[in-house]
Amino acid sequence: MERPLQPLLEISGLHTGFDTYDGRVRAVDGVDLAVHAGRTLCVVGESGCGKSVTARSILRLVEDAGSIDAGAITWHGDANDGTGEPFDILSLDPRGKRLQRLRGGDIGMIFQEPAASLLPLRTIGAQLVETLRIHTGLDKKAARARAVELLDAVGIPDPKRRIDAYPFQLSGGMCQRAMIAIALCANPSLLIADEPTTALDVTTQARILDLIRSLQAEHHMAVMFITHDLGVVAELADEVAVMYLGRVVERAPVDELFADPKHPYTKALLASVPVLGRDRGRDLPTIPGAVPSPLHRPSGCSFHPRCAAAVAGRCDTDAPPEVDFGGGRTAECVLYETEGAST
Amino acid sequence: MTDPILEVRDLHVRFPVRRNLLGRTTVENHAVSGVDLALAPGETMALVGESGCGKTTLGSTIVGAQRATSGEVVYDGLSLTAMSERRRAPYRRQIRMVFQDPFSSLNPRFTLRQIIGDPLIATGEARGSELEDRIAEMMRRVGLSPDYMDRYPHAFSGGQRQRVNIARALIVNPRLVVADEPVSALDVSVRAQILNLLRELQAELGLTYLFISHDLSVVENLADRVAVMYFGRIVELADTASLYERPRHPYTEALMSAVPIPDPALKGRGGRILLPDELPDPADPPPGCAFARRCRHAEAGRCDTGEIPLERDAAADPLTGRAVRCVRRDELDLQGIAVTPS
């Protein structure tokens with residue numbers, strides 16, 4: 001598999017936390033990830049695993065409620081196209097021009113609830129034109145013409161008329177298309193999609209995924225796709241990162257992850273999902289218990305209380321080693337410490 | 001089949017959208033338009049379809065939370081829709097509902113004892129130590145420790161709350177449970193636990209389920225039979241195996257092809273059907289088949305005129321046999337899902 005030496009975006013040692021009445025929640029607790037140009041990274045995990053907070057940390061959208069305590073988020077986009085040096089997004093001035101250009105310019109983002117992320121009192125056209133004018137410097141008339149083109153490109157029928165529609169006049173699928181049009185209007189090199197199809201029907205989901213795939217091929221855009229749905233992962237991903245309680249527990253190219261999952265959590269997760277044509281009428285294997293609150297993170301490996309393969313005296317006391325199998329595969333688990341290179 | 005436990009006959013539910021000066025309804029949304037359905041005792045019937053297809057309205061009309069505009073809900077041979085509220089009351093204990101969202105469906109100011117015991121307390125059926133014993137027994141049955149009886153819902157995870165929801169539904173020994181998307185809001189790793197629990201309780205207590213869901217993988221796992229709804233009508237009704245292996249309504253086929261399969265080897269397994277977004281206006285249903293405008297098999301002149309009936313195969317059981325609402329049902333060869341043993 002060819003992969004460029006330099007990733008587009010590199011996250012290392014990211015820690016993001018929130019203060020609550022019950023204490024500090026370490027939502028993201030040491031995450032390393034890399035997104036490569038033109039490829040799709042799926043981040044998969046259950047609620048509370050820190051996948052959304054990781055994504056929001058990239059654009060520094062968490063800092064009102066929480067704070068990024070440590071780590072670096074390096075943007076190589078400028079270096080890759082020869083216009084500048086790599087820089088750490090976390091060291092940017094939060095009110096500065098570069099961060100503003102990054103948000104919606106270099107990096108587009110779409111969210112789970114399309115209708116809730118659009119402004120209800122402004123037409124989708126007005127919201128598109130505003131973004132276009134900020135990031136491309138087009139005048140009003142040209143921006144409107146471009147907005148119609150974009151709405152057409154994301155498959156909104158009759159874009160000349162729909163451009164003046166308010167979000168409530170459009171279905172969920174149409175709102176998500178409008179969101180995608182806004183996210184794409186400055187030709188970003190990276191699209192971050194945070195569960196963009198979770199609130200949609202399967203038939204609408206199929207069309208939105210199809211749209212993201214074709215736009216990606218057209219613009220050679222990188223996609224970081226956050227989801228809890230393993231079916232969507234199989235369909236879309238090149239690389240997959242599995243998260244559990246604030247950490248990436250396994251990382252692999254998509255085919256290898258499904259064919260040969262390493263981490264006990266990944267294995268259990270894959271087994272417990274009913275699959276069309278496989279699990280008719282039979283009891284499903286389960287993972288005991290529930291995801292613990294990040295306030296009460298278990299000691300040692302945070303998955304050990306639910307893990308069938310946990311080693312007493314080891315998994316409940318020591319942090320698991322990260323084992324590198326080579327070829328972009330890693331797993332945080334003692335079961336593999338004799339294989340590969342531990343770090 | 002044996003006598004059905006529940007029959008729905010030509011059920012219509014319409015919601016007023018606009019009234020004129022005199023308070024007369026001038027525009028109505030047709031949520032459920034002529035549904036016929038029969039459930040055999042002990043089976044799990046799934047109701048699937050996209051949001052807005054009327055599946056939840058149908059479910060709440062069956063439990064009596066929503067009034068039918070016309071048609072009948074018949075339980076054990078008795079028409080519930082014809083009964084007065086008073087006469088219907090005892091039957092409310094026999095048909096119970098489990099809701100989708102385990103966070104908003106439990107009163108945060110009640111303890112589990114109050115929530116689960118409420119139906120018994122309200123009717124005065126049990127009190128004191130008998131009440132306590134029955135609540136404890138029910139909690140154990142759904143996999144909750146009775147030690148938690150005096151805690152509040154906020155202390156529990158989504159999966160545990162859904163167990164509370166199930167306990168509350170089952171404490172009055174119902175025979176039929178309408179479960180509206182009971183696992184949709186749960187984490188993937190907890191979903192399997194609740195599906196297995198529902199299966200276990202059904203075997204133990206002989207329950208009949210009407211399982212409302214948009215998730216075809218979950219439905220295939222749990223249901224004996226499936227009714228596919230589109231635009232307020234049932235468009236296909238069949239046992240699970242035949243429906244998934246060989247759908248006969250183009251909408252069923254499209255719905256199945258849209259489900260992402262967690263196996264990258266099957267990526268682009270050909271035949272994904274992308275439906276255009278054109279949903280008909282529920283206040284002004286089109287003539288003919290409501291799906292025709294999105295259907296790749298539609299034929300002008302046949303699919304867009306008249307009323308297309310839900311037709312049952314000639315040899316099939318008149319109440320439960322396979323039925324399809326499509327004029328081309330015998331001409332088309334549609335794609336299902338092949339079974340692959342794991």
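Biologist: Let's start in chain B. What do the buried residues of α6(B) pack against?

Modeller: They pack against α12 (264-272) of chain A, together with α5 and α7 of chain B. Buried means that 20 or more other C-beta atoms lie within 10 Å of a residue's own; exposed means 12 or fewer, partly exposed is in between, and the C-beta atoms are placed from the backbone.

Biologist: Before I go on, what am I looking at, and how does the numbering work?

Modeller: It's a predicted model: local features need pLDDT of at least 70 and side-chain atom pairs count only at pLDDT 80 or more, while totals for chains, interfaces and linings use all residues. Residues are numbered from 1 along each chain as its sequence is written, and chains are lettered from A and ligands numbered from 1 in the order in which they are written.

Biologist: Okay, back to α6(B). Which of its residues are buried?

Modeller: B:Ser189, B:Val190, B:Arg191, B:Ala192, B:Gln193, B:Ile194, B:Leu195 and B:Leu198.

Biologist: How far does α6(B) reach from its first C-alpha to its last?

Modeller: 26 Å over 18 residues, close to the expected 26 Å at 1.5 Å a residue. The expected span is 1.5 Å times one less than the number of residues in the helix. Just after α6(B) you'll find B:Gly206, with a positive phi of about 65°.

Biologist: How many residues of each chain are in contact with the other chain?

Modeller: 42 residues of chain B are in contact with 41 residues of chain A. Contact here means C-beta atoms, placed from the backbone, within 7 Å.

Biologist: Which helices of chain B supply at least two residues each to that side?

Modeller: α5 (158-170), α6 (188-205), α7 (216-222), α8 (240-245) and α9 (250-257) of chain B. The largest share comes from α6(B), with 8 residues.

Biologist: What classes of residue are on that side of chain B?

Modeller: 21 nonpolar, 13 polar and 8 charged. Nonpolar covers Ala, Val, Leu, Ile, Met, Phe, Trp, Tyr, Cys and Pro; charged covers Asp, Glu, Lys and Arg; the others, Gly among them, are polar.

Biologist: Zooming out, how many helices and strands does chain B have?

Modeller: 9 helices and 12 strands. Chain B has a radius of gyration of 21 Å, close to the 20 Å from the globule rule for 342 residues, so it is as compact as a globular protein of that length. That radius is taken over C-alpha atoms, and the rule is 2.2 Å times the number of residues to the power 0.38. Buried residues make up 45% of the 342 in chain B.

Biologist: Now the sheets. What order do the strands take in the open sheet of 8 in chain B?

Modeller: β6-β7-β8-β3-β9-β10-β12-β11, with mixed pairing. Two strands pair if DSSP finds at least two bridges between them. The edge strands, each pairing on one side only, are β6 (95-98) and β11 (311-312) of chain B. Inside that order, β3 (residues 44-48) and β8 (residues 208-213) of chain B run parallel over 5 bridges, and B:Ala46 has B:Phe211 in β8(B) as its bridge partner.

Biologist: What about the open sheet of 4 strands?

Modeller: Its order is β2-β1-β4-β5 in chain B, paired antiparallel, with β2 (25-39) and β5 (78-79) at the edges. β1 (residues 6-19) is joined to β2(B) by 11 bridges, and B:Arg14 stands opposite B:His30 there.

Biologist: Over to chain A. How many residues sit between β11(A) and β12(A) in their hairpin?

Modeller: 2 residues, and A:Gly327 in the turn has a positive phi of about 65°.

Biologist: Last one: is A:Val232 buried or exposed?

Modeller: Buried, because 21 other C-beta atoms lie within 10 Å. A:Val232 lies in helix α10 (residues 230-236) of chain A. Leaving out residues up to four places away in sequence, A:Val232 touches A:Thr197, A:Leu209, A:Thr227 and B:Pro260.

Terms used. Contact = placed C-beta atoms within 7 Å.
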